Amino acid sequence: MDLFGSFALLLAFACAVYAIGAGIAAIFTRRPLLIKSARQAGLAVCILIWMGMASLVYLFLTDNFSLAYVAGHSNRDLPLFYKFAALWSGQEGSLLFWSFLLSLYVFSVLFTYRHKHPELIPYVGVVLAGVQLFFLVLNTFIASPFQVIGTMGPHGVLQLFAQADGKGLNPLLQYPEMVAHPPMLYSGYTGFTIPFAFALAALLGRYPGEKWIHLTRKWTMIAWCFQTVGILLGAHWAYAVLGWGGYWAWDPVENASLMPWLTGTAFLHSVMMQEKRGMLRVWNVWLVFTTFLLCILGTFLTRSGVVSSVHAFAQSTIGPWFLGFIIFSIAVCLWAYLKNRDYLRSDNQLDSLVSRESSFLFNNLILLVACVAVLSGTLFPVLSEWVQGSKISVGPPFFNKVNIPIGLFLLFLTGVGPLLAWRRTSLDSLKRNFGWPLVGGLAVGAILFPLGFRDFYALVCVILSVFVTLTIFAEFFRGARVIRGRTGANLFAALAQLTMRNTRRYGGYIVHFGMVLIFVGLAGAAFNQDKQMEMAPGSRMSIGPYSLICQTFTSRPAQNYTAERATIEAVRGNQAVMMLYPERRFYPANEQSGTMVAIYSTLKEDLYVVYAGRSPENDQPVIHAYLNPLVKWIWLGGAVVVLGTFLALLPNRQAVLVVRAAAEKVAPGAAPQTVRAPLRTYEGND
Amino acid sequence: MKQQTKFGVGAAIIVATLGWLAWLGAQESKTYYHTIVELSSLKASDARHRIRVGGTVRPGSIARYAGRVDFVIEGEGKSLAVSYTGTDPLPDTFVDNSQALVEGKLAPNGAFVADKVQAKCASKYEPAPGQPKDSTGGSGYSEKKS
């Protein structure tokens, strides 16, 4: 099977080379047969990558420890579920997995548009095949997951051997989120390749109009949604597994996933400027280029050892390849831009500072500043070594100082921006739209302040959150009232109808509301507390409103680890709330241990209990308890964001039944089956 | 004033403010990377900075006391006594022979007082036996195993 896999990848590599060559030839000659041939080569690349992936899955499931990669990341006792996580837990497998996810996107694009946009798609195909080619070079020649274990024996003969059992999967990765988080995040990373390819293709082919933006809107949103979910799952994994009580540490790997999210978010907003007003064409093209490059940079940072990170892969020889690819991509983008920049001229200019346009501009500006801040903070050691000759790193205070105000400003724009009119907004409409929400926000602030809610940023965050929520609800309510007045439907039906009529707008509001929930959750971090104590059975620790009473300590063996488990009763007032079972697990396969955090989670706060180990002096178990307010809101917000994105992806629906029926009456001879009113769908009605 | 200019001024104010905040944050948290060898020859002024050092944990050197954990890290033939006084529990990956990154300050007696310890690592790539080891170096993080 390893031969099957590596040959499939080799063949995919050859097909990608052909797809690029034939694609370029097709662009110049415009011969239909050549276009078709290039497209089919592109499809073949994808199918071959799937075969390679399938063979790696097979090798993992059959415990084939003659393969270095399988032996290094799996073992016999590993539950089936985690054998999938093991697939992408190391460098080679994760790169193949990257290729695999990209090939799913590429296949869908090439297949969906196989009979459409013949002037654009050949360019898209070439760009996509180019990106695939790069990863296939890595998969095939540089970091193949199909390498067998062998040593050079006497007479220069390679001696192969299989291991009896593998080294097992890193215990920190043996957690349900770790099965879901990498696929989500990688789907985000790879998904941004699609808008990138369309943007570059439209620029290279001077494809007229804003068509490429309409075409890529859905792909961008899907990628963005995956990226969001991936980041949140990663944060949740860090929260629930690493046992330090937090979910975000500004680690280079986390930053790497955040940066393309920031530019991708900016892109999703600024394309509206281009769609509606023909502005920011150059900006948008560069924004999507940057997003793609940041995705590649993220992959590079986690693998090259350029910046040290807790969960970066150790240094490997793969860095220069990524660097080369990034430089090559920048060169291609720059060349395409310089060659065809006249095609990107703007139609309109900014009319007023208080307008939808300017709110988008500010949104973009600060998202970009956030991205630059995160990037420079992440690369600070590298940059300072260049400039000063000494390696200096910056820590969370740097990132927080910049990004908290940025986040709050963005939150403010989330409320204000969508309600500002295009071009210019009158003072009157400002008062009408924002008067009451602002009063509501300030009122909540005035209630919370005396209750001890004193942290400045957290207070501002809550005031803004209430303000934004009220503006969003007011928008829904206003629209629903109009529909109710017209159709007599009840409020919920009217709300549903309203949303389905303009999914993009109202889906967007729901995404915004989800972001508000996330912000509320983040603000809770200002009030975190924690306490650490040696606890014997019967001893008691109190934190916030809770008391923790230690019951027993037990040891239990499981399939591939042994766990030491504390049984702790959480009591609130005199009421028993929950039994908590924090664990320390020992995995014999790789002689590592891991923690299992026990969390009692409510909307108000999380009680987070870690079995921190045994005190070396007296062998007493040490329990570390955290009280983290509002964390659950972050995960809830994530779910709302996904729901909103999903709604925004649905086509608009507007039944034009009445109009049609009237028209039919005029022509009584019409065939009865045409009476059924078609659903008119249209896009971009924001 | 033209709208573009107004926007430009607004943008400049925002960027300048954030830049100032970034500078403050950087001053507060900047940490100098050094190797164990470099520490012994630091200038007095540089020795007051926040410092990050990496090395391999000497087997058997980890000693846990109330409120602190002492251990020794080694690299390039030199060793450094570290006293961890942070509140967070040490990572599970922190064991004998693991590669540790410690952050903190040099005490006047030459010992290192760390408030943060990281140890390799979650998604670590380890070459299987029988394969050549990957080249190390470059980040200043990974020292040769002694």
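**View 1. Chain B splits into two domains.** The domain assignment gives domain 1 (1-30) and domain 2 (32-119) of chain B; such bounds come from an automatic or database domain assignment. The C-alpha centres of domain 1 and domain 2 of chain B lie 37 Å apart. This is a predicted model: local features need pLDDT of at least 70, side-chain atom pairs count only at pLDDT 80 or more, and totals for chains, interfaces and linings use all residues. Residues are numbered from 1 along each chain as its sequence is written, while chains are lettered from A and ligands numbered from 1 in the order in which they are written.

**View 2. Secondary structure of chain B.** Chain B has 3 helices and 7 strands. Helices (H or I, at least four residues) and strands (E, at least two) are DSSP runs, numbered from the N terminus. Along the sequence, the pattern is α-β-α-α-β-β-β-β-β-β.

**View 3. Domains 3 and 4 of chain A.** Domain 3 covers 423-522 + 635-680 and domain 4 covers 527-633. Across the boundary, 6 residues of domain 3 of chain A contact 4 residues of domain 4 of chain A. Contact here means C-beta atoms, placed from the backbone, within 7 Å. On the domain 3 side, helix 19 (503-523) and helix 20 (631-649) of chain A each give two or more residues. By class, that side has 4 nonpolar, 2 polar and no charged residues. Ala, Val, Leu, Ile, Met, Phe, Trp, Tyr, Cys and Pro count as nonpolar, Asp, Glu, Lys and Arg as charged, and the others, Gly among them, as polar.

**View 4. Helix 16 packs on helix 17 in chain A.** Helix 16 (residues 427-448) and helix 17 (residues 456-487) of chain A pack at about 145 degrees, with axes 8 Å apart. Axes are lines fitted to C-alpha atoms, for helices over the stretch in contact; angles run from 0 to 180 degrees between N-to-C directions. Helix 16 contributes residues including A:Phe434, A:Trp436 and A:Leu448. Helix 17 contributes, among them, A:Leu459, A:Phe467 and A:Ala474. The contact has 15 nonpolar, 5 polar and no charged residues.

**View 5. The largest nonpolar core.** This core holds 207 residues, and A:Ala12, A:Val45, A:Val124, A:Ala199, A:Leu200 and A:Ala201 touch the most other members. A nonpolar core is a set of buried Ala, Val, Leu, Ile, Met, Phe, Trp, Tyr and Cys residues joined through C-beta atoms within 7 Å; buried means 20 or more other C-beta atoms within 10 Å of a residue's own. Helix 9 (residues 211-241) of chain A gives the largest share, 18 residues.

Technical notes:
Buried ≥ 20, exposed ≤ 12 C-beta atoms within 10 Å, placed from the backbone. Contact = placed C-beta atoms within 7 Å.
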